[in-house]
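Let us read this structure together, one feature at a time. Keep the sequence and the 3D view side by side.

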Amino acid sequence: MGIRVENLVKSFGRTRVVDDVSFEIRPGELVALLGPSGGGKSTVLRMIAGLEAADSGQVWLDGERVDHLHARERQVGFVFQHYALFRHMSVAENIAFGLSVRDVPRAEQRERVDTLLEVMGLRGLGDRAPAQLSGGQRQRVALARALAPRPKLLLLDEPFGAVDAKVREELRRWLRKLHDEVHTTSIFVTHDQEEAFAIADRVLIISAGRLEQEGSPVQILDDPATEFVARFVGDVNVLPGRVSGDQVHIGRVSATVSGLPDGADAHVVVRSYDLKFWREDAGPGTVKRVTTIGDRVRVEAWLDDVQAPIFAQFPRRSSLLTGIEVGCRIAIEIAHARAWPVADGDARRLGGAA
Amino acid sequence: MNAATSARLRYALPALALRGGVVGWLSLIVALPVVVLIVRGLSDGPAAFWSAVSDPAAVDAIWLSLWTAGIAAAVNAVVGTAIAWTLVRWDVPGRRLIAALVDLPLAIPTLVAGVLIIALFGPQSPLGKLLVSGGMPIAFARPGILLALLFVTLPFVVRAVEPVLEELDPAEEEAAFTLGAGQFLTLTRVLLPPILPAVAAGAVQTFARSVAEFGSLAAVSGNIPHRTLVAPVYILGEVEAGNPGGAASVSLVLLALALGMQPLAAALARRGGRA
């Protein structure tokens, strides 16, 4: 089912948590709402489900306005971060709940529950109590329960936030696989960009109640629309620079940029993998720290000219690492950067990045 | 004796002394009186026991205690759950005051509770006069008994249900809604079942306490045999009338009821804890 959200606004007290958000989702898409915690993503999701009433704006499901419908009438499956399983019911009873409140015949309920237990890899656990399951299993039960009444839309609110890293990885792959099989239009909320980029067809970036950018993971990584997105996505450096023609100078280091007024002060955003460091005694930086993380090495340095830290990541065996050690001087080359004028835009965007 | 054994003994002896002391204390304070009561209640033979407990005044007193306790338990099950719900879900500044009010009956001596009710509804009070002239007296009548019981037992269900309600995740309600359940189904199938054991445990506690309640009822009921005389007060009357055998026999009935209730309450509380 397709979804259209128009000009949604929601305030809690004096805080406007959702500020004029509009977007459209095509039938069968798997979309991530990505952004920092407290940015309003979950509230958007809850308004689509009918768990929260919008102050203004409209929600359309399948071309039909649903703002006046109670959550129970929207046929939307919802998966909560902390599972929200019915603790006094068995796994099978939990999954059957959405069917039994609709008076689906018993035999049909049982059949659907058995199928879902099978699909979710929960075979043989139907009689267990939720408390007897692991976190990963509980979230799969929650997913099965949400899917049982065949919702037209599946909403997942930080679905993997409460399980440990390894299980999270597994559940992600598994959600993607499930979506490829079932094709239920799905939206999930996450603050974890890796998660969003790993499984979503499309990512909507939401911060401070606003939709910053929407696009495929590659579009967002390669072509961030706002400084916030550039700062938020990927491991980035934000450096102070000054524009001169098509160059931006960060002390003695420079990078090519376009479309900025000559002489402007700029925030230069550089991904940690768009940099080259090599040992050079006359270079502008001093290495402060070298950390090996699995197959990569992270090098942190200090730029004396502009009094700012900079870091980069290299493959473990990279020739660039030759001779690099704490305290040595390095030369720096920026392969790819984006810059935003300091004066431009509101303070929110500039200050909003972590 | 080698060093290890002597070390073991050094720790074993105090432990042994403590355990022996505890068992002795419990025997002296709890077990012995109960045993004496049982022996005394039955010592005059089953016929005497039967005639003591089947005395019409005794039967009426026990029956009065039972049904008023039953009503108190039922009312508390509903009202106490509502109070607990309000305390947990209603975040208002006055919440603490309400919580303190709920605990007040535990702090007030029950005899004082009885006196409070007489002061409010007694024949000397304006309200009491009005009630008597209206043919519905509360003090020295059955409604007074119920009122006193409800006052004294108010905290039981509230305090049993509250922690369980606090544990309930509001997302469970929301999950029920998104799965197509309305308010009523959500209440009956999602919200109530997990708290039911706690409600029942609180109600059983209310019942047991009500059957045993003495202080407030001695003050408030008027103690009219066959009408407002409850079992515990009847027992005191038998003792004072020089009939310790009869008192022991009726006490035995109350004891049996209380002992029967204990495991039920414990079992319900356990179920509540697990759910």
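**Where the chains meet**

Q: How many residues of chain B and of chain A take part in the contact between them?
A: Two residues are in contact if their C-beta atoms, placed from the backbone, lie within 7 Å. Here 16 residues of chain B and 19 residues of chain A take part.

Q: Which elements of chain B give two or more residues to that side?
A: Helices (H or I, at least four residues) and strands (E, at least two) are DSSP runs, numbered from the N terminus. On the side of chain B that touches chain A, α8 (170-178) and α9 (183-212) of chain B each give two or more residues. The largest share comes from α8(B), with six residues.

Q: How does that side divide by class?
A: Ala, Val, Leu, Ile, Met, Phe, Trp, Tyr, Cys and Pro count as nonpolar; Asp, Glu, Lys and Arg as charged; the others, Gly among them, as polar. The side of chain B that touches chain A has ten nonpolar, three polar and three charged residues.

Q: Before going on, what kind of model is this, and which features need a pLDDT cut-off?
A: This is a predicted model: local features need pLDDT of at least 70, side-chain atom pairs count only at pLDDT 80 or more, and totals for chains, interfaces and linings use all residues. Residues are numbered from 1 along each chain as its sequence is written, while chains are lettered from A and ligands numbered from 1 in the order in which they are written.

Q: What domains does chain B have?
A: Domain bounds come from an automatic or database domain assignment. For chain B it gives domain 1 (1-43) and domain 2 (44-274). Their C-alpha centres lie 35 Å apart. Six residues of domain 1 of chain B are in contact with eight residues of domain 2 of chain B. On the domain 1 side, the touching residues are three nonpolar, two polar and one charged.

Q: Turning to chain A, how many helices and strands are there?
A: Chain A has nine helices and 20 strands. Its C-alpha trace spans about 80 × 45 × 35 Å along its principal axes.

Q: What share of chain A counts as buried?
A: A residue is buried if 20 or more other C-beta atoms lie within 10 Å of its own, exposed if 12 or fewer, and partly exposed in between; C-beta atoms are placed from the backbone. Of the 354 residues of chain A, 43% count as buried.

Q: In what order do the five strands of the open sheet in chain A lie?
A: Strands of a sheet pair through backbone hydrogen bonds, either parallel or antiparallel. Two strands pair if DSSP finds at least two bridges between them. In this sheet of chain A the order is β15-β19-β16-β17-β18, with antiparallel pairing. The edge strands β15 (275-279) and β18 (308-315) of chain A each pair on one side only. Inside the sheet, eight bridges join β16 (residues 285-293) of chain A to β17 (residues 296-303) of chain A. For one of the partners, find G285(A): its bridge partner in β17(A) is L303(A).

Q: What is the order in the open sheet of four strands in chain A?
A: The order is β2-β1-β4-β5 (chain A), again antiparallel. Its edge strands are β2 (15-25) and β5 (64-65) of chain A. Strands β1 (residues 3-12) and β4 (residues 56-61) of chain A pair over five bridges. There, R4(A) has W60(A) as its bridge partner in β4(A).

Q: Which strands pair with β8(A) in the parallel sense?
A: Strand β3 (residues 30-34) of chain A pairs with β8(A) over five bridges. L33(A) stands opposite V189(A). β7(A) and β8(A) also pair in the parallel sense over five bridges. There L154(A) stands opposite S186(A).

Q: Is strand β8 of chain A mostly covered or exposed?
A: Strand β8 (residues 185-190) of chain A is mostly covered: six of its six residues are buried. T185(A), I187(A) and V189(A) point one way, and S186(A), F188(A) and T190(A) the other way.

Q: How many residues of helix α4(A) are buried?
A: Eleven of its 13 residues are buried. Among them are V141(A), A142(A) and L143(A). The cover includes α2 (91-100) and β7 (153-157) of chain A.
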